[in-house]
Amino acid sequence: MILFTVDKATCKGDGRCVEICPIKILRMNEKERVPEFIPGGGDICINCGHCFAFCPPGSIKLSTMSVEDSMRLDYSKLPNSEQVELFLKGRRSIRAYKDEPLEKGVIEKLLDTARYAPSGINRQPVNWLVIMGKERVQALTDCVASWMDELLKAKSPLAESLHFDRLVESWKNGEDKICRNAPCVVIAYGLKDDPMVPQSCTISATYFELAAFGFGLGACWAGYVNMAVNMSENTRKFAGLSNRAIAGAAMMAGHPKYRYSRIPLRDKAKIIWK
């Protein structure tokens with residue numbers, strides 16, 4: 001199957017696709033004034049779709065994506081700079097949730113947005129594990145708390161530095177400070193031997209958190225869960241991840257119990273200008 005074709009009748013020959021190609025495998029055919037692969041270019045194409053996305057008339061055709069299936073970018077619907085600033089500054093980590101379940105369809109929409117997060121050379125190495133329902137999340141929390149308790153008994157420096165004793169004591173007293181009684185936890189993971197996985201999971205989880213805020217939901221990074229999945233055999237087994245996988249990020253999600261009224265202050269940006 002041919003990956004890259006051009007409709008010569010509609011191509012404007014402006015060369016923008018050649019200019020924006022991330023790995024520079026396109027060139028202009030000087031005779032016909034249409035883009036084409038450099039020799040061997042098709043073998044190293046990362047299928048990012050930049051040439052396809054930057055072509056206004058849709059002259060570039062890729063076998064992996066079609067104009068009909070792609071979303072048209074309507075710039076008039078994008079938020080302005082003030083709205084973007086308010087959105088990003090107004091995001092809060094939510095740790096108090098209503099006692100309401102999250103619908104599967106809502107999580108699917110959030111993950112559909114998160115899959116558009118950038119990844120190195122368009123590797124798209126992120127997979128998702130979704131733990132739905134308060135009972136399942138509480139079972140996960142129990143695994144994490146048990147792991148913490150084991151480390152405390154072994155006098156682990158990690159457990160002492162992160163004050164696991166307080167978390168375990170709270171859990172034994174019926175208070176969940178690990179997953180915060182969230183109705184859902186999502187875990188972004190990939191293969192251990194893929195160097196693109198850690199940062200890709202972090203970026204994708206950030207997309208998920210921002211998308212949740214946009215949907216009127218709340219989310220919070222579940223760092224203890226992420227650590228336990230990677231360090232506790234029992235927690236990994238509960239999650240159902242193989243030993244070849246590594247968790248790159250974990251996130252709690254649910255309906256926020258309260259709405260924030262104002263934006264708290266943060267330290268000024270530390271900048272080095274050169």
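This is a predicted model: local features need pLDDT of at least 70, side-chain atom pairs count only at pLDDT 80 or more; totals for chains, interfaces and linings use all residues.
Helices and strands are DSSP runs, helices (H or I) of at least four residues and strands (E) of at least two, and they are numbered from the N terminus. On that basis, Asn181 falls in the loop between helix 8 and strand 6.

**Nonpolar cores**

- The largest nonpolar core holds 33 residues, and those that touch the most other members are Val144, Met148, Cys179, Val185, Ile187, Val225 and Met252.
- At least two residues of this core are supplied by each of strand 5 (127-132), helix 6 (134-153), helix 8 (164-172), strand 6 (184-191), helix 10 (223-231) and strand 8 (245-254).
- Helix 6 gives the largest share of this core, with seven residues.
- Leaving aside residues up to four places away in sequence, Met148 touches Phe164, Leu167, Val168, Ile178 and Tyr224.
- There is also a second, separate core, made of 20 residues, which includes Leu110, Cys184, Ala211 and Ala212.

**A nonpolar patch on the surface**

- Val84, Phe87, Leu88 and Phe213 form a nonpolar patch on the surface, and together they have about 300 Å² of accessible area.
- Three residues of the patch come from helix 4 (residues 81-90), which is the largest share.
- Val84 is found in helix 4, and its relative accessible area of 34% makes this residue partly exposed.

**Loop residues with positive phi**

- As background, most residues other than glycine have a negative phi.
- Gln124, a residue other than glycine, has a positive phi near 50 degrees, and its place is in the loop between helix 5 (104-114) and strand 5.
- Gln124 counts as exposed because its relative accessible area is 52%, where exposed means over 50%.
- Asn181, which is not a glycine either, has a positive phi of about 60 degrees.
- Asn181 is partly exposed, with a relative accessible area of 33%.

**Salt bridges**

- Lys153 forms a salt bridge with Asp149, in which the closest N and O atoms are 3.7 Å apart.
- Both Lys153 and Asp149 lie in helix 6, where they are four residues apart, about one turn of the helix.
- Lys153 is exposed, with a relative accessible area of 66%, while Asp149 is buried because its relative accessible area is 16%, and buried means under 20%.

Terms used:
Residues are numbered from 1 along each chain as its sequence is written. Side-chain values use heavy atoms; hydrogens and water are left out. A nonpolar core is a set of buried Ala, Val, Leu, Ile, Met, Phe, Trp, Tyr and Cys residues joined through side-chain atoms within 4.5 Å. Buried means under 20% relative accessible area, exposed over 50%, partly exposed in between (1.4 Å probe, protein chains only). Contact means heavy atoms within 4.5 Å. Patches are made of residues with over 30% relative accessible area and no salt bridge: like charges are joined within 9 Å, nonpolar side chains (Val, Leu, Ile, Met, Phe, Trp, Tyr) within 5 Å. Accessible areas come from the Shrake-Rupley method with a 1.4 Å probe; for residues, only the protein chains shown count as cover. A salt bridge is a side-chain nitrogen of Lys or Arg within 4 Å of a carboxyl oxygen of Asp or Glu.
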